[in-house]
Amino acid sequence: MPYDLFISYSRRDNHDGHITQLVDRIKADFARFAHRDLVPFFDVSPEDGIKGMEDWRQKILRGLRESRLLLVCLSPTYLESEY
């Protein structure tokens, strides 16, 4: 599945939903200008996200390969993360 946007972020930065709110805003703006829905790779929900470390690397690499753009939500916690 091709993605329009791959969102890379620290889960700690989304504790209060700040990254989710940013992605929702980007999706709304994109839909208004492009007249279609944005298809992001954003693993925020347990049912849609990455389950366990065994498939983490494969899903990330596949998502990156299949994405047109990369958005990195850079923060001190992002830089501190070992991943």
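**Entry 1: the model and its elements.** I am working from a predicted model. Reading from the N terminus, I get the order β-α-β-α-β-α.

Entry 2: The three strands make an open sheet, ordered 2-1-3, with parallel pairing. Strand 2 (40-41) and strand 3 (67-72) are the edge strands, each pairing on one side only. I then checked the pairing of strand 1 with strand 3: it is parallel and runs over five bridges. Ser 8 lies opposite Val 72 of strand 3. Helix 1 (residues 18-34) packs on this sheet and touches strand 1, strand 2 and strand 3. I noted an angle of about 160° between the direction of helix 1 and that of strand 1.

**Entry 3: Asp 4.** I located Asp 4 in strand 1 (residues 3-8). Is Asp 4 buried or exposed? Its relative accessible area is 8%, and the cut-off for buried is under 20%, so Asp 4 counts as buried. I listed its contacts next, leaving out residues up to four places away in sequence. Asp 4 touches Phe 30, Arg 36, Asp 37, Leu 38, Val 39, Arg 68 and Leu 69.

**Entry 4: the whole chain.** I read off the totals last. The protein chain has 83 residues, and 33% of them count as buried. Its accessible surface is about 6100 Å², with 56% belonging to carbon and sulfur atoms. Of the contacts between residues at least 6 apart in sequence, 72% join residues at least 24 apart.

Definitions and conventions
Residues numbered from 1 in each chain as written. Predicted model: local features only at pLDDT ≥ 70, side-chain atom pairs only at ≥ 80, totals over all residues. Heavy atoms only, no water. Helix = DSSP H or I, 4+ residues; strand = E, 2+ residues; numbered from the N terminus. Buried < 20%, exposed > 50% of the residue type's maximum accessible area, 1.4 Å probe, protein only. Contact = heavy atoms within 4.5 Å. Pairing = 2+ DSSP bridges. Axes fitted to C-alpha atoms, helices over the stretch in contact; angles between N-to-C directions. Areas by Shrake-Rupley, 256 points an atom, 1.4 Å probe, with all protein chains shown as cover.
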